[in-house]
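Please read them against the model.

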Amino acid sequence: MAGDVDFDLPSVGWSRESYDVARRFCYINEFEVSLITELRIIEKDYSHLYNHTLAMILVEYASAVNLTALFTWTCSRCTDLTKGFEMIELIVDVKNCLQAYVGVAHDLNAIVIAFRGTQENRNGYSSCLLCFGSIRNWIQDLFWKQLDLNYPDMPDAMVHHGFYSSYHNTTLRPGITSAVLEARELYADIPIMVTGHSMGGAMASFCALDLTVNYGLHHVQLMTFGQPRIGNAAFASYFHKHVPHAIRVTNEHDMVPHLPPYYSYFPQKTYHHFPREVWVHNAGLDSLVYVVEQICDSSGEDPSCSRSVRGNSISDHLEYFGVSMEAETWGSCGIVFYGNVAEYQVDIAGNIVLSKWPSASSVLPQGEEENRGSSSM
């Protein structure tokens, strides 16, 4: 049940503060509603913006990208929500320890693209070379990171060079786009859902925009978890125009969505989130504490959502909807090979692309591989 709510408080004895908190509901599940039988709830329908069940599904896909046995979809963190997922292609950028996969979720009737970013664990360590050794150092770098790249063909739009390059200037982009185009040939014009956590969410955002603008693909949806800001207000406006079906889920006091910092007194010169945020947090009505999924406004920087609290928690960053977003291993960029891998290719930098029959394969013919300086194994 999602929506803004009004309450009748005839005799429950709540304080005015509790009443004000209650008026700010944007999501209450049915169990929580049953506990508040004294209240009359008048709701607005936000189902066209946000779907809780879809979020529960996509957070599992975003978490699974950290697992080493990914290609066989032996996903220890996944439930029946992702059962029957068909992996098509797994791309590993060994140099920067970046990873993404493309597959088909038959229950959703959609192509799913998921990105791994930083391989964090609760001790703060990361194996991602782009992250300078640890999530703490990565966060510190984000705090001081300035807008340093003009987004192509969009006047005044500036973005974070590192996040942009992690998608556009690595093995990930050609591997993903070729797999998506082949999947579209096999499954027709089914929706494309792009997801990722943390830095993976930043790359997922650039991917969704790329597929829409540069490849002319329709029905592209984006849902990320704990992603940082990636560009300025001009870029956020451009992004929202081309990817209107985008949700950024933020958990409690997760510190990463607060970075790089937003300065309200320099709105055109600072980083700015694109809309729309869904802020997941605990709220209290006297002795009753419950989870709220607050659907924020269309500005991208709703001051009543996560910006209303301090972003000071790493632990809130590493768990979403009860699903661990930590790396299974953080000492290496490991993957597991099994017999159902059709082919894999390794380029001169050691990057790996695995393809699976019969759904799709983006492995290039031998002649084209040689022209690109790659070798097929």
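1. The crossing of α7 and α8 is left-handed. In this predicted model, the axes of helix α7 (residues 199–213) and helix α8 (residues 233–242) come within 10 Å, with a crossing angle of roughly 55 degrees. The pair is therefore oblique, since an angle under 35 degrees would count as roughly parallel and one of 65 to 115 as roughly perpendicular.

2. On the α7 side, the contact is made by S205, F206, L209, T212 and V213. Helix α8 contributes F235, Y238, F239 and H242. By type, the residues of this contact are six nonpolar and three polar, with no charged residue.

3. The largest nonpolar core has 43 residues. Those with the most contacts inside this core are I113, F115, I176 and V194. Helix α7 supplies nine residues, the largest share of the core.

4. What does V194 touch, if residues up to four places away in sequence are not counted? The partners of V194 are I113, F115, A204, C207, A208, V220, Q221, L222 and M223. Two of these, I113 and F115, are also named among the core residues with the most contacts.

5. T82 lies in the loop between α3 (52–64) and β1 (86–93). Its relative accessible area is 1%, so T82 counts as buried, the cut-off being under 20%. Apart from neighbours within four places in sequence, T82 is in contact with I57, E60, Y61 and W73.

Key:
Residues are numbered from 1 along each chain as its sequence is written. This is a predicted model: local features need pLDDT of at least 70, side-chain atom pairs count only at pLDDT 80 or more; totals for chains, interfaces and linings use all residues. Side-chain values use heavy atoms; hydrogens and water are left out. Axes are lines fitted to C-alpha atoms, for helices over the stretch in contact, and angles run from 0 to 180 degrees between N-to-C directions. Helices (H or I, at least four residues) and strands (E, at least two) are DSSP runs, numbered from the N terminus. Angles under 35 degrees count as roughly parallel, over 145 as roughly antiparallel, 65 to 115 as roughly perpendicular and the rest as oblique. A crossing is left-handed if the near helix is turned anticlockwise from the far one by less than a right angle, and right-handed if clockwise. Contact means heavy atoms within 4.5 Å. Ala, Val, Leu, Ile, Met, Phe, Trp, Tyr, Cys and Pro count as nonpolar, Asp, Glu, Lys and Arg as charged, and the others, Gly among them, as polar. A nonpolar core is a set of buried Ala, Val, Leu, Ile, Met, Phe, Trp, Tyr and Cys residues joined through side-chain atoms within 4.5 Å. Buried means under 20% relative accessible area, exposed over 50%, partly exposed in between (1.4 Å probe, protein chains only).
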